Amino acid sequence: MKRLIFNFNRVFFDKILKDGVYPQTIHIFHHYFKDENAYLKEFIRFAQNKGYVIRGYNYNQKTGEKVVYLSFDDNYETWYEMAQMLKEEGATCTFFINFAPNLMSDGLINAYYNSLGLINGKPIGLDKISDLIQQGFDFGNHGLSHVTFSDLQLSHVKTDLDLNRNFFQRHFEAKLTNVAFPYGSMRYFKKEWIDEISEEFGTIYAGHPLSQTENNDKFVFRSPLYISESFEFNLKIQRISNIKPSLTFGKSLIG
Ligand SMILES: [Zn+2]
């Protein structure tokens, strides 16, 4: 059945791929790349060639400007090197970070990254984060502990976000704005929390389509970067998601 839905989506989508119309604003996120960022680099070049600038959420889109808002979730040592590549390509991004791995012992760090599917993963060093802030990269709030928020009460969700924000503020004297909640899917978040969380912590960036009529400053859908698909597919996918939020394509990393 899933396969059938996927094929149906593809027929619908293939028409859009041929129509030459690119969205003005695109929200794309990812976690880490196992190909040493090769796909990401070529994707950025393709998007720039189509007239896009690639930026983080601290960037204000100018009238008529085409922007790919690029963001990454979690906390990876490899972000630093990737960020230098982005800089060389004239791009920036937002890192939605959770600081728990920076506070854990080595044994817990291993267990944590294994659970995310990245064997031998390590958190990015705090000195590296300072460096990235200096370089103009944006940081957002992914909660402290990376637990599934839907298992918690709203007050606990706010505490988790607040602890993470305070950690950032204390270390870097800068504000951690906006939220991407752990695991991205609305299965792990509650619609009735949107107003209160966005008011207190900024715009919420979700990693899965949801019942949303249009983007607003409370809740924005980010599409995963589908690395098994074409660059054009990744630039146009959000048009589909906006039309039919229930549609998803293939499998992506959600973390
Ligand atoms: Zn995550």
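Visitor: What should I know about numbering and confidence before we start?

Guide: Residues are numbered from 1 along each chain as its sequence is written, and in this predicted model local features need pLDDT of at least 70, side-chain atom pairs count only at pLDDT 80 or more, and totals for chains, interfaces and linings use all residues. Side-chain values use heavy atoms, with hydrogens and water left out.

Visitor: Happy with that. How many helices and strands does the protein chain have?

Guide: Nine helices and eight strands. Helices (H or I, at least four residues) and strands (E, at least two) are DSSP runs, numbered from the N terminus.

Visitor: Why are helix 6 and helix 7 called roughly perpendicular?

Guide: Helix 6 (residues 126-134) and helix 7 (residues 154-172) pack at an angle of about 80 degrees, with their axes 11 Å apart. Axes are lines fitted to C-alpha atoms, for helices over the stretch in contact, and angles run from 0 to 180 degrees between N-to-C directions. Angles under 35 degrees count as roughly parallel, over 145 as roughly antiparallel, 65 to 115 as roughly perpendicular and the rest as oblique. Helix 6 and helix 7 are therefore roughly perpendicular.

Visitor: Which residues meet there?

Guide: L126, I129, S130 and I133 of helix 6 meet F167, F168, H171 and F172 of helix 7, where contact means heavy atoms within 4.5 Å. By class, this contact of helix 6 with helix 7 has six nonpolar, two polar and no charged residues. For the classes, Ala, Val, Leu, Ile, Met, Phe, Trp, Tyr, Cys and Pro count as nonpolar, Asp, Glu, Lys and Arg as charged, and the others, Gly among them, as polar.

Visitor: And what makes helix 7 parallel or perpendicular to helix 8?

Guide: Helix 7 and helix 8 (residues 194-201) pack at an angle of about 20 degrees, with their axes 11 Å apart. That angle makes helix 7 roughly parallel to helix 8. The contact is made by L154, V157, K158, L161, D162 and R165 of helix 7 with E196, I197, E200 and F201 of helix 8. These residues divide into five nonpolar, no polar and five charged.

Visitor: How do you know whether N178 is buried or exposed?

Guide: Buried means under 20% relative accessible area, exposed over 50%, and partly exposed in between (1.4 Å probe, protein chains only). N178 has 12% relative accessibility, so N178 counts as buried. N178 lies in the loop between helix 7 and helix 8, and its contacts beyond four places in sequence include Y57, F96, F201 and Y205.

Visitor: What makes helix 3 "mostly covered"?

Guide: Seven of its ten residues are buried, namely W79, Y80, M82, A83, Q84, M85 and L86. They pack against helix 2 (38-49), strand 3 (66-74), strand 4 (94-97) and helix 6.

Visitor: Which residues touch the most other members of the largest nonpolar core?

Guide: Of its 42 residues, these are L40, F72, L86, F95, F99 and F139. Helix 3 (residues 79-88) gives the largest share, six residues. A nonpolar core is a set of buried Ala, Val, Leu, Ile, Met, Phe, Trp, Tyr and Cys residues joined through side-chain atoms within 4.5 Å.
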